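Biologist: I would like to learn how to read a model of a protein chain. Please take me through it slowly.

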Amino acid sequence: MDCIFCKIAAGHIPSVKIYEDENVLAFLDIGPLSEGHTLIIPKKHYAKVDECPAEMMSQVGAVLPKVAKAVFGGMESEGYNVLCNNGRASGQLVEHIHFHIIPRNAGDGVFTQWPAKQYPAGKIEEIAKKIRAKL
Ligand code: 5GP
Ligand code: ZN
């Protein structure tokens, strides 16, 4: 499979590693939105969160707080975003699950828009019904 993150996980392409265990790898993003921008991945290839077995996601989830704390602490940032793009429409370019940990400081201009909308009356329940039906 021609997947850049599989190649990084296998050590065939170099990366600047932050954390590694049998199942999970965290390394610095090569195109950082801010200094210390880190990616955390399951070593096994899954494209999107909804395709990932719960056990594998648990392994990533178990490591995430520790890595987030180190990124946040090491960079002495005021906050951080944990972000996971799923699918091209969401901005996912590398189709191997990865969580971005992005150190943030007030006024850093990293994300300048959060285009929140409002539901018209009754719509929120209609939407919830559609989603619950797929659980
Ligand atoms: P996406 O848009 O898929 O959520 O984000 C992919 C991320 O992977 C981008 O932030 C990009 O900079 C990073 N990236 C892509 N190729 C490489 C690589 O070869 N090495 C590292 N360290 N990061 C990469
Ligand atoms: Zn992969």
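Modeller: Start with a term: two residues are in contact when they have heavy atoms within 4.5 Å. Lysine 17 touches Leu25, Ala26 and Phe27, leaving aside residues up to four places away in sequence. This is a predicted model, where local features need pLDDT of at least 70, side-chain atom pairs count only at pLDDT 80 or more, and totals for chains, interfaces and linings use all residues. Residues are numbered from 1 along each chain as its sequence is written, chains are lettered from A and ligands numbered from 1 in the order in which they are written, and side-chain values use heavy atoms, with hydrogens and water left out.

Biologist: How many helices and strands are in the chain?

Modeller: Helices (H or I, at least four residues) and strands (E, at least two) are DSSP runs, numbered from the N terminus. Here there are three helices and five strands, and from the N terminus they run α-β-β-β-α-β-β-α. Lysine 17 belongs to strand β1, residues 17–20, and threonine 38 to strand β3, residues 38–42.

Biologist: Is threonine 38 buried or exposed?

Modeller: Buried means under 20% relative accessible area, exposed over 50%, and partly exposed in between, using a 1.4 Å probe and protein chains only. Threonine 38 has a relative accessible area of 1%, so it is buried. Lysine 17, at 41%, is therefore partly exposed. In the chain, buried residues make up 32% of the 135 residues.

Biologist: Which residues does threonine 38 touch?

Modeller: Not counting residues up to four places away in sequence, its contacts include Ile18, Ala26, Phe27, Val67, Val71 and Phe99. Threonine 38 and proline 103 are 65 residues apart along the chain, with 8.7 Å between their C-alpha atoms. Lysine 17 and threonine 38 are 21 residues apart in sequence and 9.2 Å apart in space, C-alpha to C-alpha.

Biologist: How far apart in space are isoleucine 124 and leucine 28?

Modeller: Their C-alpha atoms are 39 Å apart, and 96 residues separate them in sequence. Isoleucine 124 is in helix α3, residues 123–132. Its relative accessible area is 53%, so isoleucine 124 is exposed. For the chain, among contacts between residues at least 6 apart in sequence, 53% join residues at least 24 apart. The C-alpha trace spans about 50 × 40 × 25 Å along its principal axes.

Biologist: Which residue has a positive phi although it is not a glycine?

Modeller: Glutamate 76, with a phi of about 50°. Glutamate 76 lies in the loop between α2 (54–75) and β4 (79–83). Its relative accessibility is 70%, so glutamate 76 counts as exposed.

Biologist: What is the volume of the largest pocket?

Modeller: Rolling a probe the size of a water molecule over the atoms shows where empty space is left. On a 1 Å grid over the protein atoms alone, a pocket is an open set of points where a 1.4 Å probe fits, with protein on both sides within 12 Å along at least five of seven lines; lining residues have an atom within 4 Å of a point. Grid points are joined across faces, edges and corners, and a volume is the space filled by probe spheres set on the points. The largest pocket has a volume of about 420 Å³. It is lined by 21 residues, and Phe5, Asp29, Ile30, Gly31 and Leu39 are the closest to its centre. The largest share of the lining, three residues, comes from α1. Helix α1 (4–9) and strand β2 (24–28) each supply at least two lining residues.
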